[in-house]
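Open the model in your viewer and keep the selection panel at hand. The tour goes stop by stop.

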Amino acid sequence: MTEGTTAAAAEGADTLTRLEQEGEIAADYLEGLLDIADLDGDIDMDVEADRASVSIISDTGSRDLQKLVGRDGEVLEALQELTRLAVHRETGDRSRLMLDIAGYRARKRTELADLGAKAAAEAQSSGQPVRLDPMTPFERKVVHDAVKAAGLRSESEGEEPQRFVVVLPA
């Protein structure tokens, strides 16, 4: 191994360790929250795409966790920000942690990838830009990735919270 390869491997291991630590801190914070709210849920931790990923799932199929998702994922977004703040408080570093509750974000990712693919097909066939409805940063990222996978370009326009994706024809 060369010196550069060794340094890169060590840096990768350090990043993985840091992300695992973020997941552990987030899991502890969320377990406390579940206890306070008297909700049952299991916590899964992973590292995906250079981010800590934490999921709260229910073995019982209970709809109780839906309370933590809220309408259109609003409560989930707020809990994700609070969890990121808890991680920041412990580590001193900004966290890009992703939180999923009861599979909401996974289902939403699938829906948005389909939307992005359909918008790309429409832009391709019509030769005209396709403007989508306003979305959260997470939602826009998923759509941008789907459009890129379809071989087209997209951009975000507007100001939060009315920021939206425009899919550009080839």
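Two strands count as paired if DSSP finds at least two bridges between them. Keep that in mind for the first stop. Note also that this is a predicted model.

**The sheet**

Select β4, β5 and β6. They form an open sheet of three strands in the order β4-β6-β5, with antiparallel pairing. β4 (130–131) and β5 (153–157) are the edge strands, each pairing on one side only.

Now zoom in on β5 and β6. Strand β6 covers residues 164–168, and five bridges join β5 to it. Select R153: L168 of β6 stands opposite. Then pick E157, which faces F164 in β6.

**The hairpin loop**

Stay with β5 and β6 and follow the chain between them. The hairpin has six residues between the strands. Select G158: its phi is positive, near 90°. Next, go to P161, which lies in this loop between β5 and β6. Which form does the peptide bond from E160 to P161 take, cis or trans? It is cis, with omega near 0°.

**Two aspartates with positive phi**

Jump to D38, in the loop between α1 (3–37) and β1 (42–48). Its phi is near 55°, a positive value in a residue other than glycine. Is D38 buried or exposed? Exposed means over 50% relative accessible area. D38 has 67% relative accessibility, so it counts as exposed.

Move on to D72, in the loop between β2 (51–57) and α2. D72 is not a glycine, yet has a positive phi of about 55°. At 60% relative accessibility, D72 counts as exposed.

**The cavity**

A search of the whole structure finds one cavity of 30 Å³ or more. About 60 Å³ of space lies in the largest cavity. Which residues line the largest cavity? Select D72, G73, L76, E77, Y104, R105, K108, T136, F138 and E139.

Colour by element next. α2 (74–91), α3 (104–126) and α4 (137–149) each give two or more residues to this lining. The largest share, three residues, comes from α3. Now colour by residue type: the lining divides into three nonpolar, two polar and five charged residues.

Technical notes. Residues are numbered from 1 along each chain as its sequence is written. This is a predicted model: local features need pLDDT of at least 70, side-chain atom pairs count only at pLDDT 80 or more; totals for chains, interfaces and linings use all residues. Side-chain values use heavy atoms; hydrogens and water are left out. On a 1 Å grid over the protein atoms alone, a cavity is a set of points where a 1.4 Å probe fits but cannot get out, and a pocket is an open set with protein on both sides within 12 Å along at least five of seven lines; lining residues have an atom within 4 Å of a point. Grid points are joined across faces, edges and corners, and a volume is the space filled by probe spheres set on the points. Helices (H or I, at least four residues) and strands (E, at least two) are DSSP runs, numbered from the N terminus. Ala, Val, Leu, Ile, Met, Phe, Trp, Tyr, Cys and Pro count as nonpolar, Asp, Glu, Lys and Arg as charged, and the others, Gly among them, as polar. Buried means under 20% relative accessible area, exposed over 50%, partly exposed in between (1.4 Å probe, protein chains only).
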